[in-house]
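Dear colleague,

Please find the structure below, handed over for your review. A short account of the findings follows it.

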Amino acid sequence: MALSLNATTISGLAVGGLPDGTVDTDTLAASTKSMLIQEFDMWRVNADFTASSADITANWERADTNFEKVGDGLTQSSGIFTFPSNGKWLVGFSIYSWNAGEVDYIGGKILVSNNSGGSYDIRTEALTSHSADTMSANAYTITCLDIVDASAMPMKFQTVAPSTSSFNGHTDQQRTGFWTMKVGDT
Amino acid sequence: MDLQTGRANHIEDYLVTVRTGQWFGWSDSKNKVYANLIVHDGGSKPSEADVNAGLKKLQDDFDALDYARKRAKEYPSIADQLDDIYHNGIDAWKATIKTTKDKYPKS
């Protein structure tokens, strides 16, 4: 069959083992869609708090200003986050501290459980130096998690500081919070 | 809190000084007023008067140290001050420092 090309279809593809047939716009659209991001979610803490090194358990909210999740999104209870499906997930976590002049550093950790929350392991940690002259400080860290059993591998976040420090939450800005994106299958 | 100056400008700045941890939150995080303040830890909720007074004290304390912040920005570096003492002596160094102190007197 001769190759036929018009505004919506390419017909007659039968070269080198390619199946003979018709590639129409629906096929192309479905194929393209499968290449788009399937899951993207973003959460943040919406109130200030003080802590040294502790789990961030309260005041989490899904980002809701100029943002809407892609896909199913994560579920959350008391700061414990559950992925909606198995796969490789990029996670980026930022933590914002201010008026913490008494401490030398602040930071944050991303932790994941491999036993349904029985215990958690640190998967990444970021610290930033802080001095008496520093008004505010921000630490940011990123990791990729291979979630092979989403229900048994919840994730949580912790603050890091040598003594009690102030951390900033915001309801319109991503100051202390994280984003996550599924980048592939497990 | 004002990010540029560090001056308290919201009751949240006072609330974090009341107790440690994530003891409070907001029933409407888009409207952080006293009426929407909620308590997570089972402890007492400070009165609105206490919260407002607490914020005002933070602001007053901050404002009272305005002279000190301005002086700190204008003092020569420690290295330069040591160099000044070495080359010109204590009296000359004190005169240099006094220039800034006089420019921003304690209020």
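What percentage of the 186 residues of chain A count as buried? The share is 44%, where buried means under 20% relative accessible area with a 1.4 Å probe and protein chains only.

Please note that this is a predicted model, in which local features need pLDDT of at least 70 and side-chain atom pairs count only at pLDDT 80 or more, while totals for chains, interfaces and linings use all residues. Residues are numbered from 1 along each chain as its sequence is written, chains are lettered from A and ligands numbered from 1 in the order in which they are written, and side-chain values use heavy atoms, without hydrogens and water.

Chain A contains one helix and 15 strands (DSSP runs: helices are H or I with at least four residues, strands E with at least two). Of its contacts (heavy atoms within 4.5 Å) between residues at least 6 apart in sequence, 68% join residues at least 24 apart.

Chain B has four helices and two strands, in the order α-β-β-α-α-α from the N terminus. Its radius of gyration, taken over C-alpha atoms, is 21 Å, well over the 13 Å from the globule rule for 107 residues, so chain B is more spread out than a compact globule. (The rule is 2.2 Å times the number of residues to the power 0.38.) The C-alpha trace of chain B spans about 60 × 25 × 25 Å along its principal axes. Buried residues account for 30% of the 107 in chain B.

Yours sincerely

Methods: Buried < 20%, exposed > 50% of the residue type's maximum accessible area, 1.4 Å probe, protein only.
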